[in-house]
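Colleague: Before we discuss the charged side chains, could you put the model on the screen for us?

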Amino acid sequence: MDLSQMQTERDVWVARNFPGDGIEDSIFGAVEELGELAHHYLKMKQGIRGEEAMHKAEMLDAVADTVIFLAGVCSHLRTDYGALVYET
C-alpha cells in the first residue's frame with residue numbers, strides 16, 4: 001500500500017468513527033505519538049520499565065501512528081500525503 005492509498009483509507013475510517021475530527025486532532029495526535037517514541041527510547045536506554053524488545057515494539061508502533069496522524073494533517077490541508085513525501 002502506498003501513502004496516498006493509506007491516506008484515503010484513513011480518511012474514510014476517521015469520517016465514520018470521528019466525524020468531528022479537525023486538524024488539531026491530527027497535529028496533537030502526531031505530537032503525542034512522538035512523545036511516546038521519545039519515552040520508550042529513553043526508558044530503553046536507561047534499561048528500565050520493560051525489556052528492550054517491548055520498548056522497540058512500542059517505538060515502532062509510535063512511528064506508525066505518527067504517520068497516520070500526519071496523513072490526517074495533509075488531508076485537512078487538502079494535500080496528497082504520498083505525493084508530498086515523494087516530492088520532498
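**Salt bridges and their setting**

Modeller: The structure holds 3 salt bridges, a salt bridge being a side-chain nitrogen of Lys or Arg within 4 Å of a carboxyl oxygen of Asp or Glu. This is a predicted model, in which local features need pLDDT of at least 70, side-chain atom pairs count only at pLDDT 80 or more, and totals for chains, interfaces and linings use all residues. Residues are numbered from 1 along each chain as its sequence is written, and side-chain values use heavy atoms, with hydrogens and water left out.

Colleague: Which pattern does the chain follow along the sequence?

Modeller: Helices (H or I, at least four residues) and strands (E, at least two) are taken as DSSP runs, numbered from the N terminus. On that basis the chain has 4 helices and 0 strands, and its pattern read along the sequence is α-α-α-α.

Colleague: What share of the residues of the chain count as buried?

Modeller: Buried means under 20% relative accessible area, exposed over 50%, and partly exposed in between, with a 1.4 Å probe and protein chains only. For the 88 residues of the chain, the share that counts as buried is 26%.

Colleague: Leaving aside its neighbours within four places in sequence, which residues is Arg10 in contact with?

Modeller: Contact here means heavy atoms within 4.5 Å. With the neighbours within four places set aside, the contacts of Arg10 are Asp21, Ser26, Ile68, Ala71, Gly72 and Ser75.

Colleague: How are Lys56 and Glu52 separated in helix H3?

Modeller: The side chains of Lys56 and Glu52 meet in a salt bridge of 2.8 Å, N to O. Lys56 counts as partly exposed at 41% relative accessibility, and Glu52 is partly exposed as well, with a relative accessible area of 45%. Because the two are 4 residues apart in helix H3 (residues 52–76), their separation is about one helical turn.

Colleague: How far apart are the mean positions of the positive and negative charges of the chain?

Modeller: Lys and Arg count as positive and Asp and Glu as negative, while His and the chain ends are not counted. The place of a charge is taken as NZ of Lys, CZ of Arg, CG of Asp or CD of Glu. With 7 positive and 16 negative charges in the chain, the distance between their mean positions is 6 Å.
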